[in-house]
Amino acid sequence: MTTSQTSPPNYLQEDSLSEECKKLLSILPKEKGWIGSYIYNYQGCWISPRLIQGVIACQKQFQAQDSDIFLVTTPKSGATWLKSLLFALVNRMKHPISELNHPLLVKSPHDLVPFLEHTLYVDGRVPDFSSFSSPRLLATHMPFASLPKSIQDSRTKLVYLCRNPKDTFISMWHFANNLRRHYKDTNSIEEMFDLFCKGVSIYGPFWNHVLDYWKQSIEKPKKVLFLMFEEIKEQPKIHLKRLAEFLECPFSIEEENCGVVDEILRMCSFENLSNLEVNTNGKLSTGEGTKMFFRRGEIGDWKNYFTVEMSEKLNHIIEQKFQGSGLRFSYS
């Protein structure tokens, strides 16, 4: 096993919390964490201590620009894939897909589209945005209500990616257990499923996170684009073109005729990205091995793990939580 698989990611190591953060944690509700000891309920969602510190820092310091583009997800909803699509799409003039050393061939999508609270503001860092070209491509798992006010109030565009809760749960469970290997134990699926159903998961409850952005996308369609992982998988060209139009960089007829859309989809495919050296043996600044972000990327993997009872229980919860919202999930 490599070091990148056995070392906990930086944002889970709790030895560098500020006194301010420790004081806050002492009064917040806490639950057993999926990775590490505890997660805490901060501003209505469950987050690990170091990430709470990162969230607070970017809430205080981050200043959005109207040209910024944010990719927002709950964890394990397909962010790695959409980061690559987003980067290739927005930078297709600067970095043509035919470029020999295209950034996506030599860098992880997570380095090209970094997370605010996980990476840029973790541990009291003050990020230097001078090296970022416009539009700045950034990512977050924060609920809408926890976003810095400058993001909420500006013309910053938010691209929200949602995945069906059953596959999201299975992907989170696998990911958490991979990160837990340095503790020499793993979480049982039954225990984690019960926590997920209670709403206790990193950045959960899942339904609150999804519904808040779903409502924002209806109220502010020019600011928030709501995408479904399953729909992109089934009709990638349609949704890539939809994303381009939302970001006001639509494909020209000439680009479509020259196959640019197909080339972007090919470069960013799971098969291509997962076989690149940088994504098989690389390591992120946050400590994880890049290979961890390429497990299967399939629809319906939950069927290999769920019992009938688990499926029925989550069906009931989802039906209840999303009733009247107009949002439907594909599980096939």
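This section describes the fold, cores, spaces and selected residues of a predicted protein model. Residues are numbered from 1 along each chain as its sequence is written, and side-chain values use heavy atoms, with hydrogens and water left out. Because the model is predicted, local features need pLDDT of at least 70 and side-chain atom pairs count only at pLDDT 80 or more, while totals for chains, interfaces and linings use all residues.

The protein has 18 helices and 7 strands. Both are DSSP runs numbered from the N terminus: helices are H or I with at least four residues, strands are E with at least two. Of the 332 residues, 58% are buried. Buried means under 20% relative accessible area, exposed over 50%, and partly exposed in between, with a 1.4 Å probe and protein chains only. Contact means heavy atoms within 4.5 Å. Among contacts between residues at least 6 apart in sequence, 74% join residues at least 24 apart.

In soluble globular proteins, nonpolar side chains tend to be buried together. A nonpolar core is here a set of buried Ala, Val, Leu, Ile, Met, Phe, Trp, Tyr and Cys residues joined through side-chain atoms within 4.5 Å. The largest such core holds 68 residues. Trp34, Phe62 and Phe169 touch the most other members. Helix H9 (residues 165-179) gives the most to this core, with 7 residues. Another core lies apart from it and has 35 residues, among them Ala88, Phe229, Leu243 and Val261. The contacts of Phe62, not counting residues up to four places away in sequence, include Phe70, Leu116, Tyr121, Phe129, Leu138 and Ile151. Asp68, Arg136 and Ser150 are also among the residues that Phe62 touches.

Helix H13 (residues 236-246) has His239, Leu240, Leu243, Ala244 and Phe246 as its buried residues. Seen down the axis of H13, these fall within an arc of 165°, so they line one face of the helix. The arc is that of the directions from the helix axis to the C-beta atoms. The cover over the buried residues of H13 includes helix H4 (79-90), strand S6 (157-162) and strand S7 (224-228). Helix H12 (229-234) and helix H15 (260-267) are also part of that cover. Glu248 follows H13 and has a positive phi, near 60°.

A cavity is a set of points where a 1.4 Å probe fits but cannot get out. A pocket is an open set with protein on both sides within 12 Å along at least five of seven lines. Lining residues have an atom within 4 Å of a point. Grid points are joined across faces, edges and corners, and a volume is the space filled by probe spheres set on the points. The whole structure has 2 cavities of 30 Å³ or more. H4 and H13 each supply at least two residues.

The second largest pocket holds about 430 Å³. It is lined by 19 residues, of which Phe87, Leu112, Ser131, Phe132 and Ser133 lie nearest its centre. H4, helix H6 (109-112) and helix H7 (116-120) each supply at least two residues of that lining.

His141 lies in the loop between strand S5 (137-140) and helix H8 (149-153). His141 is buried, with a relative accessible area of 6%. A polar atom of the His141 side chain lies 2.8 Å from the backbone oxygen of Thr73. Leaving aside neighbours within four places in sequence, His141 is in contact with Thr73, Thr74, Pro75, Phe115, Glu117, His118, Tyr203 and His209.

Tyr203 lies in the loop between H10 and H11. Tyr203 is buried, with a relative accessible area of 1%, and its phi is positive, near 65°. A cis peptide bond joins Gly204 and Pro205, with omega about 5°. Pro205 is placed in the loop between helix H10 (189-197) and helix H11 (206-219). A cis peptide bond also joins Ser134 and Pro135, with omega about 0°. Pro135 lies in the loop between H7 and S5. Gln43 has a positive phi, near 55°. Gln43 is partly exposed, with a relative accessible area of 42%, and lies in the loop between strand S2 (38-42) and strand S3 (45-47).

Notes: Polar contact = N/O pair within 3.5 Å; in protein donor to acceptor, adjacent residues only side chain to side chain. 1 Å grid on protein atoms, 1.4 Å probe; cavity = no way out; pocket = protein on both sides within 12 Å on 5 of 7 lines; lining within 4 Å.
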